[in-house]
Amino acid sequence: MLTRVSCFGPVFSRLLSHSPARFVTQSKTTGAAGSTVVTELHPPADKAGHGEVSQYVKNPDFHGFSSDPVVDVWNMRVGFFFGISLALVIGGTFIHYLPDHGLRQWARREAEHVIQQREKEGLPLIAENYYDPNKIVLPSAGEE
């Protein structure tokens, strides 16, 4: 797949290196192609005229919230306060103190407590017959 794509590499570099201009010949045509000749493309842009001025030129501390510098600073401060202080700090605290989902932490603490109690009493952690074999009902050989 990469070999097929790599063959287009020179084509893309040629397309990107040329400016997007329209080239029209002004020589006399001798065939039946027509005599239409385009002499002017678009007029050149006037560089001396008034163009759009970047917000960063007007206000070097531009944050992108408003064109007014005072409103821009206050909007930035309010946005960062709510975004960082409330969302991250309070949101993280809320998630940290959520109750134990599925009682996983309680089950681990209870298991550790049972293990310590059995070790003190000198009992095995799990009995050989975890279930009472007299209470287990097995199917007869013919019921399989």
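Modeller: Arginine 108 counts as exposed because its relative accessible area is 60%, and the term applies over 50%. This value, like those that follow, is computed from a predicted model. The partner of arginine 108 is glutamate 112, with which it forms a salt bridge whose closest N and O atoms are 3.3 Å apart. Glutamate 112 has a relative accessible area of 38% and is therefore partly exposed. Both residues belong to helix 5, which spans residues 104-121, and they are four residues apart, about one turn of the helix. In general, side chains of opposite charge can pair when their charged atoms come close. The count for the protein comes to one salt bridge.

Aspartate 72 is buried yet has no salt bridge, and the nearest side chain of opposite charge, that of arginine 77, is 10.0 Å away. A polar atom of the aspartate 72 side chain does, however, lie 3.3 Å from the backbone nitrogen of serine 66. Leaving aside residues up to four places away in sequence, aspartate 72 touches Asn59, Asp61, Phe62, His63, Gly64, Phe65 and Ser66.

Serine 66 itself is found in the loop between helix 3 (55-58) and helix 4. Its side chain has a polar atom 3.3 Å from the backbone nitrogen of aspartate 68. With residues up to four places away in sequence again left out, serine 66 touches Val71, Asp72 and Asn75.

Helix 4 also contains valine 78, which counts as partly exposed because its relative accessibility is 41%. Valine 78 is one of the residues of a nonpolar surface patch of about 1,200 Å². Among the other members of this patch are Phe65, Val70, Trp74, Phe80, Phe81 and Phe82.

The protein exposes about 14,000 Å², of which carbon and sulfur atoms supply 61%.

Conventions: Residues are numbered from 1 along each chain as its sequence is written. This is a predicted model: local features need pLDDT of at least 70, side-chain atom pairs count only at pLDDT 80 or more; totals for chains, interfaces and linings use all residues. Side-chain values use heavy atoms; hydrogens and water are left out. Buried means under 20% relative accessible area, exposed over 50%, partly exposed in between (1.4 Å probe, protein chains only). Lys and Arg count as positive and Asp and Glu as negative; His and the chain ends are not counted. A salt bridge is a side-chain nitrogen of Lys or Arg within 4 Å of a carboxyl oxygen of Asp or Glu. A polar contact is a pair of N or O atoms within 3.5 Å; within protein, one must be able to donate a hydrogen and the other to accept it, and residues adjacent in sequence count only if both atoms are side-chain atoms. Contact means heavy atoms within 4.5 Å. Patches are made of residues with over 30% relative accessible area and no salt bridge: like charges are joined within 9 Å, nonpolar side chains (Val, Leu, Ile, Met, Phe, Trp, Tyr) within 5 Å. Accessible areas come from the Shrake-Rupley method with a 1.4 Å probe; for residues, only the protein chains shown count as cover. Helices (H or I, at least four residues) and strands (E, at least two) are DSSP runs, numbered from the N terminus.
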